[in-house]
Amino acid sequence: MRIPFLLPLLLVTALAAPARSEEGRFAVSIAGLGAGFISYEGTEKAGRYTAAGAVAATGLARALYPARIATTATGRVEGNRYRPATYRARTQKRRESTDVTFRYANGTPQVSQTPPEKGRKSHHAAPADQRGTLDPMSSAFAILRDRPATLACNLDISYYDGRERSRIRLSGGKRDGGTLTCPGVYTRVSGFSAKDMAERVNWPFTVIYTILPDGTHRVTSLTIPTTSGKVRMTRR
């Protein structure tokens, strides 16, 4: 499996709602070997969110994928329902950089890339068909952010990265003392090759929340079984 990049708040008035800010950094390992890090920071105020993140390989993985990705996203949020407005990503690889921008019109992403995209295949999903999907940064923020008990392990989002569409679901969960173990499913929907779809469509994963004294549920780890071994993200 290629690793997807794959993280009770109702709309209130700006005067009544202070901004909620948070950040997190996760070490990433594949089959027990350190591979990189993912970090994010986000703010929510009056039903609007801003999120930013970075992904970079470390150690031996850096030799195979010497790139760093920085992203930002904005939009509206009500509970666990997100409506992105903008998304920007810059991939820096050695001396080359690529910039991708999503702008949403009536929930549909309009995608642009500089320099222009190369290598697009006929099976890739068209942006015009992706109404209601979230961009990669908004998706990561939705999964990784702190949640109250009523919203933790209660997520159903569709994710689009410009080529492929997936669905991510978190539901149920089992509490044991100060932790909540949450089962999730990552589902390939469209834009994937026939080989990818034949490999597997549904990929289970697990999110572990630590329950803080005030009841906040904070993601401390995420584990995804893949054909290359377990991918594990651990909060630092």
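Let's start with a word that will come up a lot: a residue is called buried when its relative accessible area is under 20%, exposed when that area is over 50%, and partly exposed in between, using a 1.4 Å probe and protein chains only. Take threonine 108, which has 17% relative accessibility and so counts as buried. You'll find threonine 108 in strand β7, residues 108–114. Leaving aside neighbours within four places in sequence, threonine 108 is in contact (heavy atoms within 4.5 Å) with Arg103, Pro127, Ala128 and Arg131.

Before going further, a note on what you're looking at. This is a predicted model, in which local features need pLDDT of at least 70 and side-chain atom pairs count only at pLDDT 80 or more, while totals for chains, interfaces and linings use all residues. Residues are numbered from 1 along each chain as its sequence is written, and side-chain values use heavy atoms, with hydrogens and water left out.

Now the overall view. The protein chain has three helices and 14 strands; these are DSSP runs numbered from the N terminus, with helices being H or I over at least four residues and strands being E over at least two. Of the 236 residues in the chain, 44% are buried. The chain exposes about 12600 Å², and carbon and sulfur atoms supply 53% of that; the areas come from the Shrake-Rupley method with a 1.4 Å probe, and for residues only the protein chains shown count as cover.

What about the inside? In soluble globular proteins, nonpolar side chains tend to be buried together. Here, the largest nonpolar core has 44 residues, and those with the most contacts inside it are Met137, Leu144, Phe205, Val207, Tyr209 and Leu222. The largest share of this core, six residues, comes from α2. A nonpolar core, by the way, is a set of buried Ala, Val, Leu, Ile, Met, Phe, Trp, Tyr and Cys residues joined through side-chain atoms within 4.5 Å.

That makes helix α2 worth a look of its own. Nine of its nine residues are buried, so α2 is largely enclosed by the rest of the structure. Among those buried residues are Pro136, Phe141 and Ile143. At the start of α2, a side-chain oxygen of aspartate 135 comes to within 3.0 Å of the backbone nitrogen of methionine 137.

Next, the covalent link. Searching the whole structure turns up one disulfide, meaning a pair of cysteine sulfur atoms within 2.5 Å. The partners are cysteine 153 and cysteine 182, with 2.1 Å from S to S. Cysteine 153 sits in the loop between α2 (136–144) and β8 (155–160), and cysteine 182 in strand β11 (residues 179–190), so the pair ties together parts that are 29 residues apart in sequence. The link is right-handed, with 85° about the S-S bond, and both cysteine 153 and cysteine 182 are buried.

Then there are the charged pairs. The count comes to eight salt bridges, where a side-chain nitrogen of Lys or Arg lies within 4 Å of a carboxyl oxygen of Asp or Glu. One of them joins aspartate 146 and arginine 218, at 2.8 Å from N to O. This pair links distant parts of the chain, with aspartate 146 in the loop between α2 and β8 and arginine 218 in strand β13 (residues 217–226), 72 residues apart. Aspartate 146 is buried at 13% relative accessibility, whereas arginine 218 is partly exposed at 30%. Another salt bridge pairs arginine 167 with aspartate 156, at 2.6 Å from N to O. Arginine 167 is in strand β9 (residues 165–170) and aspartate 156 is in strand β8, 11 residues apart. Glu117, Arg120 and Arg163, meanwhile, are linked in a network of salt bridges.

Let's finish in strand β4 (residues 67–78), where threonine 74 lies. With 27% relative accessibility, threonine 74 counts as partly exposed. Not counting residues up to four places away in sequence, threonine 74 touches Tyr49, Thr50, Pro84, Ala85 and Thr86. The side chains of threonine 74 and threonine 86 are joined by a polar contact of 2.6 Å. That term covers a pair of N or O atoms within 3.5 Å; within protein, one must be able to donate a hydrogen and the other to accept it, and residues adjacent in sequence count only if both atoms are side-chain atoms.
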